[in-house]
Amino acid sequence: MAARLVRRWCLSPLQVVGFPVVQLHTSRTMRASQKDFENAMNQVKLLKKDPGNEVKLKLYALYKQATEGPCNMPKPGMLDFINKAKWDAWNAIGSLPKETARKNYVDLVSSLSPSSESSGRVDKEPGSESVVITSEDGITKIMLNRPAQKNAITIQMYQEILSALEATSKDDNSVITVLTGNGDYYSSGNDLTNFTNLPPGGIEEVAKTGSILLRDFVDCFIDFPKPLIAVVNGPAVGIAVTLLGLFDAVYASDRATFHTPFTQLGQTAEGCSSYTFPKIMGPAKAIEMLIFGKKLTAHEACAQGLVTEVFPDSTFQKEVWARLKAYAKLPPNAMRISKELIRHNEKEKLHAVNAEESTALQGRWLSEECMNAIINFLSRKSKL
Ligand SMILES: CCCCCCCCCCC/C=C/C(=O)SCCNC(=O)CCNC(=O)[C@H](O)C(C)(C)COP(=O)(O)OP(=O)(O)OC[C@H]1O[C@@H](n2cnc3c(N)ncnc32)[C@H](O)[C@@H]1OP(=O)(O)O
């Protein structure tokens, strides 16, 4: 099921906001600027790096203005949030002349297209994977690797993490498993553009498949049989925080922060945090985090029991990996059996909580509160 979901979701990043797929005109009577415009449209399709939704909305707006003139469409309804973001972008251009829009489009594309970008090659460079999995000294390291996007988790990354956990749980050479992030963030949580690729079934289908994926993903953490360690190298947001309640140890840099702004996003708690957080830190503190979105420092999170130990950022990697290497030499079966003893009484409850939270989120994703929050982020009207 999970693999099927991912296949369905894995669209080119350029499809995120419904990139205009255009027909190239070949008329010999076209002026040079029209040719530049067509070349630019072609270059856009060859971009290897996703330019981000803000730029894509600008490109969309300039393309529409250049080809059709000022926005002449009725404003889409609030719930039609992708078309509304596109309409807003086009409408914001006002009465800019078609020629100027065309030139601005060409200029914008050329600013995105260094010569290496437009070569048309699409091979992945080594280390360019969004999730990097390595194994050494009995430690399997799953590293989130989208530092420029603060390690926001895409649909494909959920699937890759899930597959890595399934594989390492069966790998006799893997004693402990570590989740960490590359760059300055541990993870900014769910990639908010996950919501913008509308399949034919529309937002209802997005919410339904998203809910199934979330449930499968979290189930995998609940059932993971070996020691699971989070090496929190920097700020963590959303699902990157809630999952910590299912880890066996959480080591944090003193630069890390812990933030679950679900209400601000019109969403609700997931990752079993509606159960694990009150248990770990008591209901009063859990409510401050999960309902009011209070951000904790690493030392506060440690005092609340969410973090095992905090290290100075300057020595964080050295100290933590030295410790993990020592732990990975401990007898693996004893560790696995101890984990089973500690965790097995809770498993049934955790699966039920996960199912409930995933269903609640399915409803939330269809709400106006949630859609507005996502539109605001994507159109950069808001940030955490
Ligand atoms: C219905 C389908 C769902 C399918 C998936 C189901 C799976 C489960 C879902 C479970 C529910 C999960 C919930 C959560 O995790 S809620 C938390 C979501 N995260 C956020 O709201 C964070 C949003 N980001 C920010 O507020 C800021 O970016 C941040 C404070 C993290 C950093 O700010 P800073 O100013 O330092 O950096 P930038 O904003 O300039 O960010 C750099 C670039 O990174 C992009 N970015 C960052 N975070 C995200 C994100 N979460 N999603 C998408 N993109 C993100 C940001 O846009 C910048 O990109 P550009 O350079 O292209 O502009």
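Rings of Phe, Tyr and Trp (its six-membered ring) pair if their centres lie within 6.5 Å; planes under 30 degrees apart count as stacked, over 60 as edge-to-face and the rest as tilted. With that criterion, a search of the whole structure finds 8 aromatic pairs.

This is a predicted model, in which local features need pLDDT of at least 70 and side-chain atom pairs count only at pLDDT 80 or more, while totals for chains, interfaces and linings use all residues. Residues are numbered from 1 along each chain as its sequence is written, and side-chain values use heavy atoms, with hydrogens and water left out.

**Stop 1: an aromatic pair**

Select Tyr-251 and Phe-311. Their ring centres are 5.9 Å apart and their planes stand at 80°, so the pair is edge-to-face. Tyr-251 belongs to strand 6 (residues 249-253) and Phe-311 to strand 9 (residues 309-311), so the pair ties together parts that are 60 residues apart in sequence. Helices (H or I, at least four residues) and strands (E, at least two) are DSSP runs, numbered from the N terminus.

**Stop 2**

Strand 6 and strand 9 run parallel and are joined by 3 bridges. Tyr-251 has Glu-309 as its bridge partner in strand 9.

**Stop 3**

Next, select strands 5, 7 and 8. They form an open sheet of 3 strands in the order 5-7-8, again with mixed pairing. At its edges are strand 5 (236-237) and strand 8 (296-297), each of which pairs on one side only. Strand 5 pairs with strand 7 (residues 257-259) in the parallel sense over 2 bridges. Opposite Ala-236 stands Phe-258 in strand 7.

**Stop 2: helices 3 and 5**

Select residues 53-68 (helix 3) and 98-112 (helix 5), whose axes come within 8 Å and cross at roughly 150°. Axes are lines fitted to C-alpha atoms, for helices over the stretch in contact, and angles run from 0 to 180 degrees between N-to-C directions. Helix 3 and helix 5 are therefore roughly antiparallel to each other; angles under 35 degrees count as roughly parallel, over 145 as roughly antiparallel, 65 to 115 as roughly perpendicular and the rest as oblique. The crossing of helix 3 and helix 5 is left-handed (the near helix is turned anticlockwise from the far one by less than a right angle; clockwise would be right-handed). Ala, Val, Leu, Ile, Met, Phe, Trp, Tyr, Cys and Pro count as nonpolar, Asp, Glu, Lys and Arg as charged, and the others, Gly among them, as polar.

**Stop 3: helices 7 and 13**

Move to helix 7 (residues 202-223) and helix 13 (residues 332-365), which pack at about 160° with their axes 9 Å apart. These two helices are therefore roughly antiparallel to each other, and their crossing is right-handed. The contact includes Ile-203, Leu-214 and Ile-222 of helix 7, together with Leu-350, His-351 and Trp-365 of helix 13. The contact of helix 7 with helix 13 has 9 nonpolar, 7 polar and 5 charged residues.

**Stop 4: helices 9 and 10**

Finish with helix 9 (residues 273-281) and helix 10 (residues 283-290), packed at an angle of about 135° with axes 7 Å apart. Helix 9 and helix 10 are therefore oblique to each other, and helix 9 passes helix 10 in a right-handed crossing.

Methods. Two strands pair if DSSP finds at least two bridges between them. Contact means heavy atoms within 4.5 Å.
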